Amino acid sequence: MAFFDDFPQKAKSMAAAAGEKARDVADSAKLTAAILSEQRELDKNYRAIGEWYVTTLAEDAPEAVADLVAAARKSQNRIAELREARQQISGDAGRTCPLCGTVSEGRFCPQCGAPLEE
């Protein structure tokens, strides 16, 4: 009956190992979430840098990115044309952002986040 004598000790040992494994899994999940959060923040910053670069330094773009800058400018112009066409159809000019000049129908600018006056 040695098995039954050691059973409580073995059960405690297995429970401790399971608890440690559960903590490891939880810690790993927390670290994964933190990594994803930082990656989103990094992506947001890269996007802001790219938008700033295209709007500010587009004329001085090096050859390596000149095609990308030109494509971004083309997309910006097309978006402006489409917004203008939409405004003509709907008859609603929306509100113009006092900071960046973007026209929007919302209460806040979708481009820079500034509040739009009514």
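Me: How do you know how many positive and negative side chains the protein chain has?
Reply: By counting Lys and Arg as positive and Asp and Glu as negative, with His and the chain ends not counted. That gives 15 positive and 19 negative side chains in the protein chain. Each charge is placed at NZ of Lys, CZ of Arg, CG of Asp or CD of Glu, and the centres of the two sets lie 6 Å apart. Do keep in mind that this is a predicted model, where local features need pLDDT of at least 70, side-chain atom pairs count only at pLDDT 80 or more, and totals for chains, interfaces and linings use all residues. Residues are numbered from 1 along each chain as its sequence is written, and side-chain values use heavy atoms, leaving out hydrogens and water.

Me: What makes C97 buried or exposed?
Reply: The relative accessible area decides: under 20% is buried, over 50% is exposed, and partly exposed is in between (1.4 Å probe, protein chains only). C97 has 4%, so the residue is buried. C112 has 39%, so this cysteine is called partly exposed. Of the 118 residues of the protein chain, 8% count as buried.

Me: Why is T55 called partly exposed?
Reply: Because its relative accessibility is 48%, T55 falls into the partly exposed class. S28, with a relative accessible area of 41%, is partly exposed as well.

Me: What makes R73 and Q76 contacts of T55?
Reply: Contact means heavy atoms within 4.5 Å. Leaving aside neighbours within four places in sequence, T55 is in contact with R73 and Q76.

Me: How do you know which helix holds T55?
Reply: Helices (H or I, at least four residues) and strands (E, at least two) are DSSP runs, numbered from the N terminus. Helix α1 covers residues 2-57, and T55 lies in this helix. S28 lies in helix α1 too. The protein chain has two helices and two strands, in the order α-α-β-β along the sequence.

Me: How do you know how the protein chain compares with a compact globule?
Reply: The radius of gyration is taken over C-alpha atoms, and the globule rule is 2.2 Å times the number of residues to the power 0.38. For 118 residues a compact globule would have a value near 13 Å, but the protein chain has 28 Å. Its C-alpha trace spans about 90 × 40 × 25 Å along the principal axes.
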